[in-house]
Amino acid sequence: MTEIDLSPLRAELKKHFLKSMPNSNLEYCLTCGLCASGCPASDIEGMDPRKFIRYLVLGQDDLLKNTNWLYTCSICQRCEYACPMGIHVGRFVYELKGMKPKELRPKNLQKSCELQKEGNSTGVPNADFVWVVGDILEEVHANEPEWADLKAPMDKVGAQFYLNQNAKEPTVEPEEMVFLWKILHAAGIDWTYSSKWWDGANYCLFSGDPKDWEYVTRMQAETVDALGCPTYINTE
Amino acid sequence: MLFATLEGLKRFKIPHDFEVVSIISLYAKWIREGRLKLDPSWNTEGLKFTVQDPCKLVRQSLGDPVADDLRFVIKQVCGEENFIDVWPNKSNNYCCGGGGGAIQAGFTENRMKHGRMKFEQLHTTGADVVITPCHNCHTQVKDICKYYGGKWQTTHLWNWIVKALVR
């Protein structure tokens, strides 16, 4: 006689989420499909937001824990925006990403977070960032006389604006930073970079561990406060 | 990314003495106050511009006001008549497929499939330039343009502000 697998009936994930996220409205789903119809990730890996909620409610825990859709869904929250019942689909995806053991997560994603915790997502030494900024500024001074007074302040205590720079620019396309400096200069803005925690990205938001996300945010916040800048900006 | 900081400070109740502001809204403010003077007359060929609203910045953080500021700045740069909006847009916009760590995660084929709707949406505008304030969007919009055979140029906003800048 074949043994029937009763484990889906236990729906452990659902039980867990109902307890850990009592406001997630998980059981309110009407299966209307508004979420799936406006989701650009629908049908990829055989999944969409409506199916995702059905699987969760019906206890298909293993399928949800193992689907690569967790890394295709960008938690853009358009499904939640469309959902008439206010179901927080993205929060379940986020939780599942965090439940995955680190060694089973996409390597580059986890690595970006690990590097981020050391200061920036690319692993470039802080001294290199400072050097690149100075070098590019010198180039502008040498080649563009109309911008001879352009500045790129570093660790300026009490500046009005603290600017976090995405690590992509100093490492891959440093000339892109100059546009930003020119705008700030033309507008007469008092601003500064920091020589540490200068990366405006935070890949730990995507790997799934709230503790990592919190740590990086905390370090960035302490840096801004240590400089005494009243306003934080980044590149967007 | 502004969302990671803004939401992180809130969610983890991290004490701080500063305010987090979008630089896009500051550009708009500085233009309105006359601190930044822009002139779109450089755009003699009538280059058409459109925009990618970053999900995390718009829908999940600051809402339509920052999307409106974004459009205001772009129009100051390229000329009102040269901006073509996408549909749906602002808080209701589609994700480009590059967020959530998808670029680092490595499932490239899935990422391109995810970007198909965004490609069609941008392609329909017929724009020559797609402005992408978010770095993830920037990489993804560039990648889907190449993958699906688009012809637009994917750029940040700052390049064009400097192009239109009057000093």
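The contact between the two chains takes 55 residues from chain B and 52 residues from chain A, two residues being in contact if their C-beta atoms, placed from the backbone, lie within 7 Å. The largest share of the chain B side, 5 residues, comes from helix H1 (2-11). By type, the chain B side divides into 29 nonpolar, 18 polar and 8 charged residues, where Ala, Val, Leu, Ile, Met, Phe, Trp, Tyr, Cys and Pro count as nonpolar, Asp, Glu, Lys and Arg as charged, and the others, Gly among them, as polar.

This is a predicted model: local features need pLDDT of at least 70 and side-chain atom pairs pLDDT 80 or more, while totals for chains, interfaces and linings use all residues. Residues are numbered from 1 along each chain as its sequence is written, and chains are lettered from A and ligands numbered from 1 in the order in which they are written.

Strands also meet across the two chains. Strand E3 (residues 231-233) of chain A pairs with E1(B) in the parallel sense over 2 bridges, pairing requiring at least two DSSP bridges. Within this pair, A:Thr231 stands opposite B:Glu19.

Chain B itself holds 9 helices and 4 strands, in the order α-β-α-β-α-α-α-α-α-β-α-β-α from the N terminus. The C-alpha trace of chain B spans about 45 × 45 × 25 Å along its principal axes.
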